[in-house]
Structures are given as C-alpha cells and as structure tokens.
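Visitor: Good morning. I am new to this structure and would like to be walked through it, please.

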Amino acid sequence: MAEKGDAESTDCIDSTFEIVDEIQVEEFWKDVSRLSYEELYEKLRSELNDWESQQVNIGVVGQAKQGKSSLINAFMGYFIDENGELPYEAAKVDESEVCTTEPRRTKIPNRQKVSGPLLDEVYGEEKSKVANFVIGCNATLALDGWSTRTNDPIIGVSIITSSKVILVNTVDTTGHPHTIDYLVELFREQVEICEKEWKVKITCLVTDNAANFALDKLQSDTCTVGSVFQIWNEVCAGSPAEYAEKVAERAKAALTPEFLAANLLDHRYGGKDFNQVETASAIEYLNEIDNGIMADVTNYMAKEPPYAENLFGESYSGVKPSVWWKTGRRIGFSDKLCEIAESLVGWIASNAGLERQFSTLEMTYGKLRTSLEPEKAGKLAFSTDRS
C-alpha cells in the first residue's frame, strides 16, 4: 500500500483539493490503510458512479409561448405522432400564463428505468404492432452468429416474410459450443417460440452457410428461393468461357430440388428455363410432398383451367407469388396445392436481412455499451429498426 507521506501520493492529493475537501481526503487515507485492494476498488467505483443516482433539478424559465414546454417534451423524447397528436407530454403545451408561483416538476427517468421498464414498454408496443402485421404469414427463420466488442458470442434470430425482416431474438450462447446438436436444438426452440409468440408458420430455416451467393439480387431482404434459379442462369450466361464449367457445377450443387420446385410454382417463372432433368426433379419433389396434387400440378404447368393462361401474363409479373396463390384460392385453385405453393414460394434465399440488422445492433451495442445485456441490446435494435 502507498503511504501518505510518499511524494507521488502527495502530488495526487494536492491536485484533488479543487474538487474534494480535506475531510474526504482524510477518509480516503483511512480506507487505504484498512481495506484490501479489491475492497478499495469496489468502494471507489461505487462512489464514482454515485452521480448516476443523484437528483438534479433544472429550471426552464422565459416568457410565455416561447417553447419552454416543447423543449422539455423534446428532451424527454415526446413528439407529435402521425395523427398530429402528442400522446404523452411532460409539460403542458399552448398554455398562456402571466406567471407561475409553483414550478412544475418533470422527473427524468434514471438509467435503470430507461434500460428496464421503459425499454420493455417501448419494445412491447412495437412488438404488438409488428405481430399484428405478420400474424398467419408463412415465414423463414434465419439464424446467424455475431460477436460483441468484448467477444461475447450472440446468435441473432430473425423471421422473414415476403415483405419484412424482423429481428425477434438475440441469444447469448456463452458456454455453449456451436455444435450441430446445439444448433439443431436452438433451431427447434426458436421455431416454437416464433410460432407461439408471433403467430407465424415457419416453413424454411436459413443459416449463414446458406448465404453462398455474392450477388446483390440474392442479398435482397426478400429474395425467394424461386428466384435463385433465374439468378444462377444469369450468372452462368455471363461467365467467361474458362469459368463456365465451374460455375455450372456450382449452380448444379446449389440448386437442390426445393429450389426448382419453388421456381416451378412461381407464376413469374413456371420453370420456363428448365431442362428435362430439372423439370423432372421439381415434379418428383412435389410428388414426394403429396402425390395427390399431381393432377393439379399438371394442369398448372399446362395452364389449363382454373390456372388460366392470362393469369401468367405480364400484367401479373409484379404480383408477389404468395399473393398470387392466395388469390388463386378464391377462383378455384386446389387448396392443397395452394398450401404447398404458398410455403415454397415464400422461402427466403439468404439471411442478408439479418446481417443488416446486426449493423443496427452494432450501432446500439458499441464501445460505450459493452456491458449491455444481449436481450436488452436486441430490444433496442428491434425498436430502432421500427422507428
């Protein structure tokens, strides 16, 4: 332990007289002599952070109608909503008074309240809004790993519908090696949670290993597996001759039967660029799912009623495949084929949307917030993405 008479220690004490009094200095040296290093560290840390729990009164004064209340409301984060209303207000707005004899107190929430009940309240409100929008939708479940600045392992969980990418969970995997068994169990657990809490139907699972395509189209938030075949065709067609064979081999490995079946049931493509082997593979995949739909698959491919040829025209090219099949139910399409098609055409090709949400998470969970718990960081990122 340093002694009070040490020259270096005396210099330190001299430099503190402007911000602490002599009694505090004497108390400090008593602590130095009787406490261990660990106890002294905890005591000093507690005192240094004591300011966070101190109440500070700030007065805003000025003439009437000059924006004092609006300033306080803005400082508290209360703004006019899309309906032109101020749902919450810390200070009354548009009140004309000559003077006031009693100050109005506005209590600013402390750090614990902001990161606790207030965060939970905002997260709950935003979650309810989004949940109402996606209820009943077919969705892809995407998982991807991420490390914080302190190297804590986190797995992000996202559900992706035909129009939205939603970060639904952040799982701290500290102490859990990312083995196949662990990840499979995690997938099962998250599927159950998402279907229960978000009322969606998970029809496809995607991990970062599925994002093998370095193409902007495939990195779209809503690029479906039905589009992947067309994109690979473009890549193969544009490849230099010396690489064409390798690209074709890579495409063949990537385009598994479910990709082909999804392309076949996407009204924009309908398997129009398939060769005989690819057509047979797509049909066989659908037959394995349910051989009772094959008559309807044949009518669909032949564009025979109720799958009328005009429904495949250019005027329908801008319609999302999932919407096309939902509409088809109302004009006589096979319910069973519609159910299978809606599931397949809604599968998302990659987890690029989740990667972009990690960028939002990194802005929230940066150098100044390395102690923020993953769950709270996830709630902040979710709420930020909705604003």
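Predicted model: local features only at pLDDT ≥ 70, side-chain atom pairs only at ≥ 80, totals over all residues.

Visitor: Which residue does arginine 34 form a salt bridge with?
Guide: The partner is aspartate 31, and the closest N and O atoms of the two are 2.8 Å apart. The residues lie three places apart in helix α2, so about one helical turn separates them.

Visitor: And aspartate 31, is that one buried or exposed?
Guide: Aspartate 31 is buried, at a relative accessible area of 7%.

Visitor: What salt bridge does glutamate 27 make?
Guide: The side chain of glutamate 27 meets that of lysine 30 in a salt bridge, at 3.9 Å from N to O. Helix α2 covers residues 22-34, and because glutamate 27 and lysine 30 are three residues apart in this helix, about one helical turn lies between them. Glutamate 27 is partly exposed at 39% relative accessibility, and lysine 30 is also classed as partly exposed, at 48%.

Visitor: Why can such side chains pair at all?
Guide: In general, side chains of opposite charge can pair when their charged atoms come close.

Visitor: How many salt bridges does the count come to?
Guide: The count comes to 12 salt bridges. One of them links glutamate 375 with lysine 379, where the closest N and O atoms are 3.7 Å apart. These two residues are four places apart in helix α15, residues 374-386, so they too are separated by about one helical turn. Lysine 379 is buried, with a relative accessible area of 13%.

Visitor: Changing topic: how many residues does the largest nonpolar core have?
Guide: The largest nonpolar core has 47 residues, and those with the most contacts inside it are Leu255, Leu265, Leu286, Trp325 and Leu344. Helix α13 gives the most to this core, with six residues. There is also a second, separate core of 22 residues, which includes Val134, Ile166, Val168 and Cys194.

Visitor: What is leucine 286 in contact with, leaving aside its neighbours within four places in sequence?
Guide: On that basis, leucine 286 is in contact with Ala261, Leu264, Leu265, Ile293, Met294, Val297, Ile340 and Leu344.

Visitor: Where is glutamate 342?
Guide: Glutamate 342 is in helix α13, which covers residues 335-345. Its relative accessible area is 9%, so glutamate 342 counts as buried. Apart from neighbours within four places in sequence, glutamate 342 is in contact with Asn138, Ser322, Trp325, Lys326 and Arg329.

Visitor: On to the strands. How many residues of strand β2 are buried?
Guide: Seven of the eight residues of β2, which runs over residues 153-160, are buried, so the strand is mostly covered.

Visitor: What joins β2 to β3?
Guide: A hairpin of four residues connects β2 to β3. The two strands run antiparallel and are joined by seven bridges, with β3 covering residues 165-172. Within this pair, valine 157 stands opposite asparagine 169 in β3.

Visitor: What about the backbone: which peptide bond is cis?
Guide: The bond from proline 305 to proline 306 is cis, with omega near 5°. Proline 306 is found in the loop between α11 (294-302) and α12 (321-329).

Visitor: Where does lysine 303 lie?
Guide: Lysine 303 lies in the loop between α11 and α12. Although lysine 303 is not a glycine, it has a positive phi of about 60°. Lysine 303 is partly exposed, at 34% relative accessibility.

Visitor: And what is the phi of lysine 199?
Guide: Lysine 199, which is not a glycine, has a positive phi of about 55°. Lysine 199 sits in the loop between α6 (180-197) and β4 (201-206), and is partly exposed with a relative accessible area of 46%.

Visitor: One last point: what separation is there between the C-alpha atoms of serine 115 and glutamate 373?
Guide: Those C-alpha atoms are separated by 9.9 Å, with the two residues 258 residues apart along the chain. Serine 115 is found in helix α5, residues 111-134, and is partly exposed with a relative accessible area of 23%.

Methods: Residues numbered from 1 in each chain as written. Heavy atoms only, no water. Buried < 20%, exposed > 50% of the residue type's maximum accessible area, 1.4 Å probe, protein only. Contact = heavy atoms within 4.5 Å. Core = buried A, V, L, I, M, F, W, Y, C linked by side-chain atoms within 4.5 Å. Pairing = 2+ DSSP bridges. Salt bridge = Lys/Arg side-chain N within 4 Å of Asp/Glu carboxyl O.
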